Amino acid sequence: MVIHEMQYKTGRIKRVQRIFKDNKGLSTPLTVALVLALLLVLCAASEFFRLQIIAYGIRSSLQEAVLSVATTNYNEVYNGLREGYSGGYYMDGGRWEENLDYGDVYNQLDNLLGMSLDRESHVKWQSEGYEYRISDLCVRIWNVPFAPGNADRNFEAEASVQAEIPLSFGWGFLPPVRMTIKTKAAYMPKF
């Protein structure tokens with residue numbers, strides 16, 4: 001009986017060894033894992049490019065709106081240029097006062113990007129929810145120092161917004177991407 005048990009155990013060990021040595025179908029789990037990993041990388045790359053395209057569109061529209069602010073200030077700056085000064089100033093009584101026009105950047109962004117006001121932010125809606133949300137617009141204008149013939153610095157307008165873009169990858173479990181988008185425009189007299 002001891003011999004019979006030894007042969008039985010030896011036979012089982014040989015069968016298990018044959019199963020491990022048999023390579024049929026062994027690469028199937030590895031192939032599935034590789035395909036899933038490549039699919040995950042492809043989804044992440046496409047999401048990255050989607051975010052880049054949206055951010056580029058917001059940045060170029062913001063730049064166009066800020067450029068509009070810089071050119072809107074042409075009439076304020078021109079008065080100073082005509083008098084030999086380079087900044088946006090006007091004569092009030094006996095002294096020069098700063099004269100700046102900030103424009104309506106949000107309205108221009110709404111028109112360019114097709115957004116609408118939603119509480120305290122401007123939102124681009126799509127069928128599944130929102131595509132992106134813009135808030136916290138900050139427009140700064142740097143007037144040229146008041147000095148005759150000063151051409152060291154230009155009349156500059158800078159704008160920044162907070163953009164929130166929800167991720168389509170992650171099935172709603174990942175928080176939206178938040179970024180600050182900045183741009184700058186300058187008014188430079190040609191003559």
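**Reasoning about rings, burial and strands**

Modeller: In this predicted model, the count comes to one aromatic pair, by the rule that ring centres must lie within 6.5 Å.

Biologist: What makes the pair of Phe 48 and Phe 49 edge-to-face?

Modeller: The ring centres of Phe 48 and Phe 49 are 5.6 Å apart, and their planes stand at 65°. The distance is within the 6.5 Å limit and the angle is over 60 degrees, so the pair counts as edge-to-face.

Biologist: Why is Phe 48 called partly exposed, and why is Phe 49 called exposed?

Modeller: Phe 48 has a relative accessibility of 45%, which falls between the 20% and 50% limits, so Phe 48 is partly exposed. The value for Phe 49 is 51%, which is over 50%, so Phe 49 is exposed.

Biologist: How do you know that the charged end of Arg 133 sits over the ring of Tyr 130?

Modeller: The charged end of Arg 133 is 4.3 Å from the centre of that ring, and the rule asks for a distance within 6 Å together with a position within 35 degrees of the ring normal. Arg 133 is recorded as sitting over the ring of Tyr 130.

Biologist: Why is Ala 163 called buried?

Modeller: Ala 163, which is found in strand 6, has a relative accessibility of 1%, and this is under the 20% cut-off, so Ala 163 counts as buried. Leaving aside neighbours within four places in sequence, Ala 163 is in contact with Ile 58, Arg 133, Val 177, Arg 178, Met 179 and Ile 181.

Biologist: Why is Thr 183 called buried?

Modeller: The value for Thr 183 is 9%, again under 20%, so Thr 183 is buried. Thr 183 lies in strand 7, and its contacts beyond four places in sequence include Leu 62, Val 66 and Ala 157.

Biologist: Which residues touch the most other members of the largest nonpolar core?

Modeller: Ile 58 and Tyr 132 do, in a core of 26 residues. At least two residues of this core come from each of helix 2, helix 4, strand 5, strand 6 and strand 7, and helix 2 gives the most, with nine. In soluble globular proteins, nonpolar side chains tend to be buried together.

Biologist: How do you know that strand 4 and strand 5 pair?

Modeller: Pairing needs at least two bridges, and five bridges join strand 4 to strand 5, which run antiparallel. Among the bridge partners are Lys 124 and Tyr 132, and a hairpin joins the two strands through two residues. Strand 5 and strand 6 also pair in the antiparallel sense, over eight bridges, and in strand 6 the partner of Cys 138 is Ser 160.

Biologist: Which elements have the lowest and the highest mean pLDDT?

Modeller: Helix 3, residues 74-82, has the lowest mean, 55, whereas strand 4, residues 121-126, has the highest, 90. For the protein, the mean pLDDT is 79, and 74% of its residues reach 70 or more.

Definitions and conventions. Residues are numbered from 1 along each chain as its sequence is written. This is a predicted model: local features need pLDDT of at least 70, side-chain atom pairs count only at pLDDT 80 or more; totals for chains, interfaces and linings use all residues. Side-chain values use heavy atoms; hydrogens and water are left out. pLDDT is the predictor's confidence in each residue, from 0 to 100. Helices (H or I, at least four residues) and strands (E, at least two) are DSSP runs, numbered from the N terminus. A nonpolar core is a set of buried Ala, Val, Leu, Ile, Met, Phe, Trp, Tyr and Cys residues joined through side-chain atoms within 4.5 Å. Buried means under 20% relative accessible area, exposed over 50%, partly exposed in between (1.4 Å probe, protein chains only). Rings of Phe, Tyr and Trp (its six-membered ring) pair if their centres lie within 6.5 Å; planes under 30 degrees apart count as stacked, over 60 as edge-to-face and the rest as tilted. Contact means heavy atoms within 4.5 Å.
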